[in-house]
Protein chains: 2
Amino acid sequence: MTSIPPLPDTASGSELAPFDFLRPELDRVESRIHAQAREFDPAVEPYIAYILNTSGKRIRPALAFLAGGATGAIADDHHKLAVILELIHVATLVHDDIIDEAEIRRQAPTANAKWGNALSVLLGDCLFSHALMLSSEFEDSLIGRKIAISANEVCSGEIIQTQRRFDLQLTREDYFEIIRKKTAALFASAMELGARLNGRSEAVCESLRDFGLHLGTAYQIYDDCIDLIGEEKEYGKTLRTDLNKGKLTLPILNLLAGANERQREKLNRLLIQKEPIDIAALSSIADYVGAIEASLDTGQALVEKARACLEILDESEHKAALAGITSFLSVLLDGCRQ
Amino acid sequence: MTSIPPLPDTASGSELAPFDFLRPELDRVESRIHAQAREFDPAVEPYIAYILNTSGKRIRPALAFLAGGATGAIADDHHKLAVILELIHVATLVHDDIIDEAEIRRQAPTANAKWGNALSVLLGDCLFSHALMLSSEFEDSLIGRKIAISANEVCSGEIIQTQRRFDLQLTREDYFEIIRKKTAALFASAMELGARLNGRSEAVCESLRDFGLHLGTAYQIYDDCIDLIGEEKEYGKTLRTDLNKGKLTLPILNLLAGANERQREKLNRLLIQKEPIDIAALSSIADYVGAIEASLDTGQALVEKARACLEILDESEHKAALAGITSFLSVLLDGCRQ
């Protein structure tokens with residue numbers, strides 16, 4: 001496998017070629033995110049500050065800005081939207097890490113590893129409720145409403161995923177529904193609301209929403225492939241958690257879908273009856289029969305669909321940067337081909 | 001100790017003398033709460049339905065109705081407010097039960113006892129985000145904003161409480177801040193927003209808010225005393241959890257405040273160095289030196305303050321019922337005197 005970088009880390013300032021010109025905006029959202037930490041109770045602030053420093057790649061804020069810039073101008077409300085979406089995302093990461101018993105995220109100990117599950121449950125709640133409090137402050141109440149709806153979708157996606165762990169009846173349609181909710185919904189909101197804050201037409205808002213849905217889905221597929229085949233050192237987070245936690249991702253679902261009865265029995269044994277699961281063996285089989293490649297193809301097709309959604313926009317450096325993100329993800333997906 | 005009933009169980013229809021005439025409203029909110037369960041993903045619905053059936057005493061909905069009735073009329077928005085506040089409350093109960101490792105609530109297994117912590121974290125999130133999604137639908141966006149602020153206060157209160165477990169430096173002021181946030185904030189919102197939905201003056205809204213704050217604080221003091229001295233069988237929930245989880249409640253804080261150096265050392269040993277904590281011994285000492293009685297006195301004083309806040313209202317059966325609730329809590333507090 002060639003060396004695959006993670007998606008651009010917009011917080012650290014590296015690997016940001018496609019949206020370098022957004023640096024001032026992203027720096028500003030970064031300070032606003034940190035300023036938010038100070039709005040929590042003084043007793044809670046240091047915990048929140050740590051979490052905000054060590055979680056979240058600021059992809060959603062970047063999308064909110066690019067959607068704003070590509071549909072008019074980046075206003076103060078776009079910064080607010082950016083902060084809110086990132087807080088919601090980070091809140092779900094905190095709860096995810098509890099559920100997955102993950103100990104490392106972005107090279108740093110997770111909240112649960114540092115302070116235990118009890119406090120981490122509440123820290124996630126606090127981030128989440130703070131975000132929804134901020135989202136109730138938009139002058140146009142539709143913005144707050146749409147944020148609340150997508151936050152709710154994220155929670156539903158997570159719950160269906162958890163509830164269907166180790167469920168070999170899970171279909172690819174179920175998988176796509178789960179990742180649409182848990183990941184793509186916030187990408188879609190960043191895009192749609194970025195345009196809506198500029199008062200753009202329903203057609204533009206919808207098209208950018210679709211961009212976010214396709215991009216978010218493709219990104220989750222990439223992330224799921226990395227969990228199966230990536231190197232921990234390279235990604236700075238605990239990998240190989242999906243299968244051990246019973247999360248059936250697209251490569252595995254492809255593998256199951258293509259198996260004959262005898263193979264399916266073998267897979268069932270590997271997935272359900274063995275502890276720990278022999279992930280190296282599964283990954284090799286998935287690679288051999290093309291189940292990983294098929295997932296990457298699906299990801300690429302979604303990236304193409306996302307790119308097509310940009311056609312409705314006039315040319316601008318922001319539109320070009322959105323296209324740049326699709327190209328970047330495309331390269332990442334290709335880098336996973338072994 | 002005389003037999004003390006729990007606060008009126010507005011869901012089951014028993015022990016409801018002070019607001020029997022609210023029965024149709026409470027029945028309606030009960031059906032709306034259950035209807036909400038059906039608005040979750042079909043995969044999630046049975047879990048949510050179970051939780052809504054086994055959690056929450058519907059005190060906050062009752063307050064929202066009474067505040068509505070006492071300041072004008074009970075409109076559809078009051079039902080919505082009632083449902084939202086109860087969903088937020090139930091969401092926090094689900095997460096509390098994880099943190100406290102509680103196994104029984106209202107005579108039924110808790111979500112974490114039934115389905116484990118992972119799913120329960122997400123079920124709490126789902127209830128919470130659903131409530132905030134509903135709260136973004138009010139025509140007057142100030143209502144949604146105030147709900148989001150109080151939800152955030154509940155989370156902050158919970159977090160400070162968790163973070164300061166086993167912290168013998170906790171003052172009574174700290175304790176009051178914690179319970180104001182974690183319990184009284186939602187009582188206060190039920191009252192204030194019940195009036196605000198009827199377009200009443202700031203003076204009325206503020207006065208009812210204060211009623212909720214005082215009543216909620218007194219109720220939490222009652223609940224904390226019960227945890228120390230009540231009988232599990234009678235209350236249908238796991239008791240004696242506070243001290244074992246390091247929560248220092250008012251009777252214990254009173255005990256610590258009144259101790260001389262020698263006694264404080266003994267208490268420190270009992271509270272920190274012993275495992276499990278000898279709660280029977282602590283409870284007997286607290287009773288003997290009057291620390292429980294002093295807590296009940298504080299509760300009674302708050303009940304009086306709450307009652308005084310009702311003076312701004314014209315006479316009505318709803319106002320009388322609000323006064324009735326204060327009397328009822330007063331009786332409960334007195335019943336704790338040994």
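Me: Which residues in H15(B) are buried?
Reply: In this predicted model, H15(B) has 19 residues and reaches 26 Å from its first C-alpha to its last, close to the 27 Å expected at 1.5 Å a residue. A residue counts as buried when its relative accessible area is under 20%, and the residues of H15(B) that are buried are B:His318, B:Lys319, B:Ala321, B:Leu322, B:Ile325, B:Thr326, B:Leu329, B:Ser330, B:Leu332, B:Leu333 and B:Gly335.

Me: Against which helices do the buried residues of H15(B) pack?
Reply: B:Leu322 and B:Ile325 are among the buried residues of H15(B). The partners of these buried residues belong to chain B, and they are H3, H7, helix H8 (202-229) and helix H14 (291-309).

Me: Are H3(B) and H15(B) parallel, antiparallel, perpendicular or oblique to each other?
Reply: The axes of H3(B) and H15(B) lie 8 Å apart, and the two helices pack at an angle of about 140 degrees. An angle has to be over 145 degrees to count as roughly antiparallel, while roughly perpendicular covers 65 to 115 degrees. The angle of this pair therefore makes H3(B), relative to H15(B), oblique.

Me: How do the residues of the contact of H3(B) with H15(B) divide into nonpolar, polar and charged?
Reply: On the side of H3(B), the contact is made by B:Leu63, B:Phe65, B:Leu66, B:Gly69 and B:Ala70, and on the side of H15(B) by B:His318, B:Lys319, B:Ala321, B:Leu322 and B:Ile325. Sorted by type, the residues of this contact divide into 7 nonpolar, 2 polar and 1 charged.

Me: How are H7(B) and H11(B) oriented to each other?
Reply: Helix H7 (residues 172-196) and helix H11 (residues 250-257), both of chain B, have axes 10 Å apart and pack at an angle of about 170 degrees. Where they meet, B:Arg172, B:Tyr175 and B:Phe176 of H7(B) touch B:Leu250, B:Leu253, B:Asn254 and B:Ala257 of H11(B), and these residues divide into 5 nonpolar, 1 polar and 1 charged. Angles over 145 degrees count as roughly antiparallel, and therefore H7(B) and H11(B) are, to each other, roughly antiparallel.

Me: At which residue does H5(B) bend?
Reply: A straight helix of 25 residues would span 36 Å, yet helix H5 (residues 111-135) of chain B spans only 25 Å between its end C-alpha atoms. Of the 25 residues of H5(B), 20 are buried, so this helix is largely enclosed by the rest of the structure. The bend in H5(B) is about 105 degrees, and its place is B:Asn117.

Me: Is B:Arg58 buried or exposed?
Reply: B:Arg58 is found in the loop between helix H2 (45-54) and helix H3 (59-70) of chain B, and its phi is near 60 degrees, a positive value in a residue other than glycine. Most residues other than glycine have a negative phi. The relative accessibility of B:Arg58 is 1%, so this residue counts as buried.

Me: Is A:Glu101 buried or exposed?
Reply: A:Glu101 is found in the loop between H4 and strand S1 (104-105) of chain A, and its phi, near 50 degrees, is a positive value in a residue other than glycine. With a relative accessibility of 57%, A:Glu101 counts as exposed.

Me: With which residues is A:Asp97 in contact, leaving aside its neighbours within four places in sequence?
Reply: A:Asp97 has its place in helix H4 (residues 76-100) of chain A, and at 6% relative accessibility A:Asp97 counts as buried. Leaving aside neighbours within four places in sequence, A:Asp97 is in contact with A:Ala102, A:Arg105, A:Thr110 and A:Asn112.

Notes. Residues numbered from 1 in each chain as written. Chains lettered and ligands numbered in written order. Predicted model: local features only at pLDDT ≥ 70, side-chain atom pairs only at ≥ 80, totals over all residues. Heavy atoms only, no water. Axes fitted to C-alpha atoms, helices over the stretch in contact; angles between N-to-C directions. Helix = DSSP H or I, 4+ residues; strand = E, 2+ residues; numbered from the N terminus. Parallel < 35°, antiparallel > 145°, perpendicular 65-115°, else oblique. Contact = heavy atoms within 4.5 Å. Nonpolar A, V, L, I, M, F, W, Y, C, P; charged D, E, K, R; others polar. Expected span 1.5 Å × (residues − 1). Bend = angle between axes of the 7 residues up to and from the residue. Buried < 20%, exposed > 50% of the residue type's maximum accessible area, 1.4 Å probe, protein only.
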